[in-house]
Amino acid sequence: QVQLVESGGGLVQPGGSLRLSCEISGAHFSFYTMAWYRQAPGKQRDLVVRRNRDGTIDYADSVKGRFTISRGNDNKIVYLEMNNVQPDDTAIYYCNLQGDTYYDGTFSRDDEYWGQGTQVTVSS
(Lines give C-alpha, C1' and ligand atoms only; values in the text may rest on other atoms or scores of the structure.)
Protein backbone atom coordinates (compact mmCIF):
# COMPACT_ATOMS: atom_id res chain seq x y z
CA GLN A 1 0.00 0.00 0.00
CA VAL A 2 2.91 2.36 0.72
CA GLN A 3 6.24 2.47 -1.09
CA LEU A 4 9.47 4.19 -0.02
CA VAL A 5 12.24 4.95 -2.50
CA GLU A 6 15.62 6.32 -1.40
CA SER A 7 17.83 8.40 -3.67
CA GLY A 8 20.77 10.79 -3.53
CA GLY A 9 23.53 8.34 -2.74
CA GLY A 10 26.83 8.18 -4.57
CA LEU A 11 30.54 8.84 -4.27
CA VAL A 12 31.67 11.80 -2.17
CA GLN A 13 35.07 12.91 -0.84
CA PRO A 14 35.83 13.10 2.90
CA GLY A 15 34.64 16.40 4.33
CA GLY A 16 31.97 16.78 1.68
CA SER A 17 28.20 16.93 1.99
CA LEU A 18 25.34 14.85 0.66
CA ARG A 19 21.54 14.89 0.96
CA LEU A 20 19.57 11.66 0.80
CA SER A 21 15.86 11.61 -0.05
CA CYS A 22 13.09 9.15 0.82
CA GLU A 23 10.05 9.52 -1.45
CA ILE A 24 6.68 8.26 -0.22
CA SER A 25 3.97 7.04 -2.60
CA GLY A 26 0.92 4.76 -2.69
CA ALA A 27 -1.82 4.78 -0.06
CA HIS A 28 -2.53 7.69 2.26
CA PHE A 29 0.07 7.38 4.98
CA SER A 30 0.44 9.52 8.09
CA PHE A 31 3.74 8.76 9.76
CA TYR A 32 4.61 9.74 13.31
CA THR A 33 8.12 8.30 13.40
CA MET A 34 10.82 8.70 10.76
CA ALA A 35 14.32 7.29 10.78
CA TRP A 36 17.40 6.49 8.75
CA TYR A 37 19.44 3.32 9.22
CA ARG A 38 22.66 2.20 7.56
CA GLN A 39 24.50 -1.05 6.97
CA ALA A 40 28.22 -1.13 6.21
CA PRO A 41 29.87 -4.14 4.52
CA GLY A 42 30.09 -7.05 6.95
CA LYS A 43 28.14 -5.15 9.62
CA GLN A 44 24.60 -5.25 10.97
CA ARG A 45 22.04 -2.58 10.21
CA ASP A 46 22.36 0.28 12.72
CA LEU A 47 20.29 3.34 13.55
CA VAL A 48 21.67 6.62 12.20
CA VAL A 49 18.99 9.07 13.36
CA ARG A 50 15.33 8.77 14.36
CA ARG A 51 12.64 11.32 15.15
CA ASN A 52 10.27 9.73 17.67
CA ARG A 53 6.54 10.26 18.09
CA ASP A 54 7.08 12.49 21.13
CA GLY A 55 9.35 14.76 19.09
CA THR A 56 12.64 13.63 20.58
CA ILE A 57 15.50 12.76 18.25
CA ASP A 58 17.92 9.88 18.71
CA TYR A 59 21.34 10.01 17.02
CA ALA A 60 24.17 7.59 16.67
CA ASP A 61 27.10 9.13 18.55
CA SER A 62 29.24 9.04 15.43
CA VAL A 63 26.87 11.28 13.42
CA LYS A 64 25.52 13.71 16.02
CA GLY A 65 26.32 17.26 14.95
CA ARG A 66 26.95 16.20 11.36
CA PHE A 67 23.68 14.61 10.16
CA THR A 68 20.17 16.07 10.24
CA ILE A 69 16.78 14.44 9.56
CA SER A 70 13.88 16.47 8.15
CA ARG A 71 10.76 16.19 5.98
CA GLY A 72 9.12 18.13 3.17
CA ASN A 73 6.16 20.40 3.78
CA ASP A 74 3.77 17.96 2.09
CA ASN A 75 5.10 15.00 4.12
CA LYS A 76 5.88 13.13 0.91
CA ILE A 77 9.66 13.32 1.27
CA VAL A 78 12.04 12.64 4.16
CA TYR A 79 15.62 13.89 4.01
CA LEU A 80 18.95 13.03 5.57
CA GLU A 81 21.44 15.89 5.36
CA MET A 82 24.99 14.58 5.71
CA ASN A 83 27.80 17.04 6.40
CA ASN A 84 31.54 16.53 6.89
CA VAL A 85 31.24 12.92 5.76
CA GLN A 86 34.00 10.46 6.61
CA PRO A 87 35.07 7.09 5.18
CA ASP A 88 33.37 5.32 8.11
CA ASP A 89 30.06 6.71 6.85
CA THR A 90 30.28 4.41 3.82
CA ALA A 91 27.20 2.17 3.89
CA ILE A 92 23.82 1.47 2.36
CA TYR A 93 21.33 3.92 3.87
CA TYR A 94 17.70 2.91 4.47
CA CYS A 95 14.61 5.00 5.14
CA ASN A 96 12.21 3.69 7.81
CA LEU A 97 8.78 5.15 8.63
CA GLN A 98 6.07 4.17 11.14
CA GLY A 99 2.50 5.46 11.10
CA ASP A 100 -1.11 4.89 10.04
CA THR A 101 -2.30 3.81 6.58
CA TYR A 102 -5.73 4.57 5.07
CA TYR A 103 -6.82 3.03 1.77
CA ASP A 104 -10.24 2.15 0.25
CA GLY A 105 -12.02 2.71 3.54
CA THR A 106 -9.59 0.55 5.50
CA PHE A 107 -7.59 2.07 8.35
CA SER A 108 -4.48 0.34 9.60
CA ARG A 109 -2.48 1.58 12.57
CA ASP A 110 1.16 1.23 13.58
CA ASP A 111 2.43 0.18 10.16
CA GLU A 112 6.14 0.11 9.34
CA TYR A 113 7.74 0.57 5.91
CA TRP A 114 11.29 0.27 4.60
CA GLY A 115 12.95 1.44 1.42
CA GLN A 116 15.42 -0.66 -0.58
CA GLY A 117 18.38 1.55 0.30
CA THR A 118 20.85 3.84 -1.44
CA GLN A 119 24.63 3.41 -1.47
CA VAL A 120 26.88 6.11 -0.01
CA THR A 121 30.62 5.78 -0.57
CA VAL A 122 33.05 8.22 1.06
CA SER A 123 36.50 8.01 -0.49
CA SER A 124 39.31 10.23 -1.73
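Reply: Happy to. Of the 124 residues in the protein, 41% are buried, where buried means under 20% relative accessible area, exposed means over 50%, and partly exposed covers what is in between (1.4 Å probe, protein chains only). This is a predicted model, in which local features need pLDDT of at least 70 and side-chain atom pairs count only at pLDDT 80 or more, while totals for chains, interfaces and linings use all residues. Residues are numbered from 1 along each chain as its sequence is written, and side-chain values rest on heavy atoms, with hydrogens and water left out.

The protein has eleven strands and zero helices; here helices (H or I, at least four residues) and strands (E, at least two) are DSSP runs numbered from the N terminus. Along the sequence, the pattern therefore reads β-β-β-β-β-β-β-β-β-β-β. A compact globule of 124 residues would have a radius of gyration near 14 Å, and the 15 Å of this protein agrees with that; the radius is taken over C-alpha atoms, and the globule rule is 2.2 Å times the number of residues to the power 0.38. Along the principal axes, the C-alpha atoms fill a box of roughly 50 × 30 × 25 Å.

Now to the interior itself. A nonpolar core is a set of buried Ala, Val, Leu, Ile, Met, Phe, Trp, Tyr and Cys residues joined through side-chain atoms within 4.5 Å. The largest such core has 29 residues, and those touching the most other members are Trp36, Val78, Met82, Tyr93 and Leu97. At least two residues of this core come from each of strand 1 (2-7), strand 3 (18-26), strand 4 (28-39), strand 5 (46-51), strand 7 (67-71), strand 8, strand 9 and strand 11 (118-122).

Which residues does Tyr93 touch, not counting those up to four places away in sequence? With contact meaning heavy atoms within 4.5 Å, the list is Glu6, Leu20, Trp36, Tyr37, Arg38, Val48, Phe67, Leu80, Met82, Gly117, Thr118 and Val120. Across the protein, 58% of the contacts between residues at least 6 apart in sequence join residues at least 24 apart.

Strand 10 deserves a stop of its own, and Tyr113 lies in this strand. Is Tyr113 buried or exposed? Tyr113 counts as buried, at 14% relative accessibility. Setting aside neighbours within four places in sequence, Tyr113 is in contact with Gln1, Val2, Leu4, Phe29, Cys95, Asn96, Leu97 and Thr101. Its C-alpha atom is 8.8 Å from that of Gly99, which is 14 residues away along the chain. Ser108 is placed in strand 10 too, but it is partly exposed, with a relative accessible area of 25%. With neighbours within four places left aside, Ser108 contacts Gly99, Asp100 and Thr101, and 20 Å separate its C-alpha atom from that of Cys95, 13 residues off along the chain. Asp110 belongs to strand 10 (residues 106-114) as well, and it is exposed, with a relative accessible area of 57%.

Asp110 is also of interest for its backbone. Most residues other than glycine have a negative phi. Asp110, though not a glycine, has a positive phi of about 60 degrees. Asn84 has a positive phi as well, near 50 degrees. Asn84 sits in the loop between strand 8 (77-82) and strand 9 (91-103), where it is partly exposed at a relative accessible area of 40%.

The protein exposes about 7,000 Å², of which carbon and sulfur atoms supply 42%, with areas from the Shrake-Rupley method and a 1.4 Å probe. Gln44, in the loop between strand 4 and strand 5, is exposed, with 60% relative accessibility. Beyond its neighbours within four places in sequence, Gln44 is in contact with Arg38 and Gln39; Arg38 is one of the residues that Tyr93 touches. In the segment after strand 11, Ser124 counts as exposed at 83% relative accessibility. Ser124 and Leu11 are 113 residues apart in sequence, yet 9.2 Å apart in space, C-alpha to C-alpha.
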